[in-house]
Amino acid sequence: MHNNLQAGYGLDSNGYIVSDVSIDKISSAYDECIQESVEQLLKLFPNTLHSLYAYGSVARGEAVVGKSDLDLLVVFHHALSSTETAELKALANALSEKYITLIRDVGIAVTTTDHVLDPANYDEQAFIRELCVSVHGPDIREHFGPYKLTPEIAISFNGDIAGVLARAISRLESATNEEFKTVTKNFARKLIRTSYSMVMARSQIWTTRLHEQSDVFVQYFQDKEPVIRTLQKWVEQPPTNREQVFKLFISEGEWLTANFEREARII
């Protein structure tokens, strides 16, 4: 494990998470795409749009031109209709096509102000506070946090592995070759993040970088290192052997489902 990855890494002197995303870290290469996203959202939803956030590698300043996704979260004043949802999906597809040489894909997630501000949705509040950067509108993050690395945070971030596993397997079963690659990459990433969340509270190490998350998990589950290293490779270059993918995903997904909550509560 990297020497810097010790208890307290990514936390302040009081043990609170120090976010590793900021507006200053977003490369100017993505300014045009983000600005067009804002303009198009305002055009489509002039009375509904509350604010827009970037997260993921672009927000961390680690995006690679042509290889990274642009992940956006839109906060609306109220839930979208089915027609509006279709319009939003069409916008994401249009932006992905226009900026194909810059980004691999534009992903647009949605939520509403009522949902986010509800204290019951602690996980979404923590996600927005620690992982998102405001790029348009009132910054709703100011209402949330700060947060410590608790079992509750870990479980709220990645305790949904059983449902995600079922959906991923279902999508893989009917996927085209290109879709199979995309789903494999995304679920490999999810398995790594869930594995890290399992040991997050006990390690007291905060990181959103996959290679660091992998190293933290392996510190506690050394026998899982071959699996984690395979998943890291698949995030970059998924295999074409479908049987291999199904076997590992089902095996590790079921192991995480069975053990996640118990292990995540160890401090």
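Keep in mind that the model is predicted. The domain assignment divides the protein chain into domain 1, residues 23-143, and domain 2, residues 151-265. Let's start with where these two parts touch.

**How the domains meet**

- The C-alpha centres of domain 1 and domain 2 are 24 Å apart.
- On the domain 1 side, 9 residues are in contact with 10 residues of domain 2.
- Together, the two domains bury about 810 Å² between them, and carbon and sulfur atoms give 56% of that area.

**Charged and polar links between the domains**

- Between domain 1 and domain 2, the count is 1 salt bridge.
- Glutamate 62 and arginine 209 meet through their side chains in a salt bridge, with an N to O distance of 2.4 Å.
- The count of residue pairs in polar contact between domain 1 and domain 2 is 1, with both residues at pLDDT 80 or more.
- Helix H5, residues 122-131, gives the most to the side of domain 1 that touches domain 2, with 6 residues.
- Sorted by class, that side of domain 1 has 4 nonpolar residues, 5 charged residues and no polar ones.

**Aromatic rings**

- A search of the whole structure finds 10 aromatic pairs.
- In the pair of phenylalanine 45 and phenylalanine 76, the ring centres are 5.0 Å apart and the planes stand at 70 degrees, so the pair is edge-to-face.
- Phenylalanine 45 lies in the loop between helix H1 (31-44) and strand S1 (49-55), while phenylalanine 76 is in strand S2 (residues 70-76), so this pair ties together parts that are 31 residues apart in sequence.

**Backbone details to look for**

- Glycine 145 and proline 146 are joined by a cis peptide bond, with omega at about 0 degrees.
- You can find proline 146 in the loop between strand S4 (132-136) and helix H6 (151-158).
- Glutamine 204 is not a glycine, yet its phi is positive, at about 55 degrees.
- Look for glutamine 204 in the loop between helix H8 (177-203) and helix H9 (210-220).

Note on methods. Residues are numbered from 1 along each chain as its sequence is written. Side-chain values use heavy atoms; hydrogens and water are left out. Domain bounds come from an automatic or database domain assignment. Contact means heavy atoms within 4.5 Å. Buried area is the accessible area (1.4 Å probe) that two parts lose on being put together, summed over both. A salt bridge is a side-chain nitrogen of Lys or Arg within 4 Å of a carboxyl oxygen of Asp or Glu. A polar contact is a pair of N or O atoms within 3.5 Å; within protein, one must be able to donate a hydrogen and the other to accept it, and residues adjacent in sequence count only if both atoms are side-chain atoms. Helices (H or I, at least four residues) and strands (E, at least two) are DSSP runs, numbered from the N terminus. Ala, Val, Leu, Ile, Met, Phe, Trp, Tyr, Cys and Pro count as nonpolar, Asp, Glu, Lys and Arg as charged, and the others, Gly among them, as polar. Rings of Phe, Tyr and Trp (its six-membered ring) pair if their centres lie within 6.5 Å; planes under 30 degrees apart count as stacked, over 60 as edge-to-face and the rest as tilted.
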